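Me: I have a few questions about how terms are applied to a structure. Can we go through them one by one?

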Amino acid sequence: MSYKRQTVDIEQIRRQEEICLQIFDRVTADGKHPLAMVDTYGCQQNEADSEKLRGYLQKMGFGFTQDEFQADVVVVNTCAVREHAEMRVLGNVGALNHTKKNNPNQIIAVCGCMVQQEHMAEKIKKSYPVVDLVFGPHELWHFPELLQKVMTGKKRVFATEKNDGAVAEGIPLQRDGSIKAWLSIMYGCNNFCTYCVVPYVRGRERSRLPENIVAEARQLVEAGYKDITLLGQNVNSYGKDLENGTDFADLLRMINDIPGDFLIRFMTSHPKDATEKLFRTMAECEKCAHQLHLPVQAGNDRILKVMNRVYNSEKYIQQVELARSYMPDLVLTTDIIVGFPGETDEEFEDTIRLCEKVRYDAMFTFIYSPRVGTPAASMPDPYTREQKQVHFDRLTETANRISAEKHKEYEGKTFRVLVDGETGRDEYNLSSRTNGGRLVHLKGSTELIGKFVNVKITGSNTWALYGEVENG
Ligand code: SAH
Ligand code: SF4
């Protein structure tokens, strides 16, 4: 596959910022205080994209609301990974008919992965006239220009051309929190797992330059962020498209060298190219959390092969053992798909066996959802939804039991946690995370929020740990 990494010229981003100022003048005329709502579906990459949309909207003079009736601009940032997410989006976009009736000048934009699929862009064009603007993930960098077109042209704008995608630096960001931050290090995916739509909608793998990533991480640390999650569909292939030889483990080390007390996490790692160098680097870098999200997807070798995952269960287990040999306290999580076309009862049992062997701290489990245009969508799929549901329920029970057992092992021990917010409940009013990312509920002063504290774990269940702050 011949592909050259594309970038968006910084002058183009400056132009977008100028357009933001033109929109500012327009929407704040006569002392108005316009409001925008950004509604996000799907993965952390989408959360990070929404922070860019909000960054632009803020420059245009918009404040933010969660109430679609109050909003002058509504942006729905969509997901295409499973049908369920698409149904929710379509239901909610349909409901915006009411808000637009109330405020006919309201502008409704739908962006993200769902509309990068041709059939979905068509569906919105034909059946959702309430939508004024549609743009795919590759067009996000010129959202201001697209919005201005809608504002001045009074006609609908669609920007969802097929595209490999480019790297755009310098887009303003409005981050969601002040303790934890997302940091995208690369975009797109080249793996083409046969069930997955991501490579079709997010384009080819392209890495940001290490100097830009490190500069952003440094700014985050200086601004007081304590927990930075590096994002990419497969962070282990970071740098393969760059000419400077930096790989993901090198990048981790560069970020670890930034002075300050903070944690580095990352997701997602594809098992096919997780390396010993990565595990060793994680163990050696004191700021790198001992947490690994290593999606296995299935425990049966035939299914893994048809999924095009490029590893088998034996190789996967060897990797887990290697990672644990470097980090005995590693918190390991995974994604699993149940009911891939043609998966038999016996093949499913291999998934259960693998989970019992690996013993994940937590598992994210999904029923297979056919995606238009992917190879798996045209594979014979003789099993019913009900049969798949039986497997799914068994897997969930297994996952929950193992999580509870693993959490039980924390009891009576002390861990350093980062307090990240309030729970809204009286008894355990604070939430926090261990180095490995497990949720701990605490009782204590809100002044602890944003701080690392030592906590003795006193109780646990499948979902969370409960603890007491230790003094001194
Ligand atoms: N790049 C990440 C995953 C992105 S999608 C990785 O490879 O790990 C997140 C998860 O959604 C996947 O790990 C997979 O378990 C699930 N998923 C993807 N496509 C799916 C589909 N068609 N049906 C059900 N689950 C799916
Ligand atoms: Fe999808 Fe596979 Fe790429 Fe993950 S690695 S985004 S599952 S194609």
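Predicted model: local features only at pLDDT ≥ 70, side-chain atom pairs only at ≥ 80, totals over all residues.

Me: Why is α12 called roughly parallel to α13?

Reply: Helix α12 (residues 345-358) and helix α13 (residues 385-408) pack at an angle of about 10 degrees. Angles under 35 degrees count as roughly parallel. Therefore α12 is roughly parallel to α13. Their axes are 10 Å apart.

Me: Which residues of α12 and α13 meet?

Reply: From α12 come Asp 345, Phe 348, Glu 349, Thr 351, Ile 352, Cys 355 and Glu 356. They meet His 391, Arg 394, Leu 395, Thr 398, Arg 401 and Ile 402 in α13. The residues of this contact divide into five nonpolar, three polar and five charged.

Me: What makes the pairing of Asp 335 with ligand 1 a polar contact?

Reply: A polar side-chain atom of Asp 335 lies 2.6 Å from an oxygen atom of ligand 1. The cut-off for a pair of N or O atoms is within 3.5 Å, so this pair counts. Gln 297 has a side-chain N or O atom 2.7 Å from a ligand 1 oxygen. For Arg 82, the value is 2.9 Å, again to an oxygen atom of ligand 1.

Me: How do you know whether ligand 1 is buried or exposed?

Reply: Taken alone, ligand 1 exposes 540 Å². The protein buries 90% of that.

Me: What surrounds ligand 1?

Reply: 15 residues do, and Gln 233, Thr 268, Gln 297, Asp 335 and Ser 369 are the closest. The shell divides into seven nonpolar, four polar and four charged residues. Strands β15 (331-338) and β16 (362-367) each supply at least two residues of the shell.

Note on methods
Residues numbered from 1 in each chain as written. Chains lettered and ligands numbered in written order. Heavy atoms only, no water. Axes fitted to C-alpha atoms, helices over the stretch in contact; angles between N-to-C directions. Helix = DSSP H or I, 4+ residues; strand = E, 2+ residues; numbered from the N terminus. Parallel < 35°, antiparallel > 145°, perpendicular 65-115°, else oblique. Contact = heavy atoms within 4.5 Å. Nonpolar A, V, L, I, M, F, W, Y, C, P; charged D, E, K, R; others polar. Near = heavy atom within 4 Å. Polar contact = N/O pair within 3.5 Å; in protein donor to acceptor, adjacent residues only side chain to side chain. Areas by Shrake-Rupley, 256 points an atom, 1.4 Å probe, with all protein chains shown as cover.
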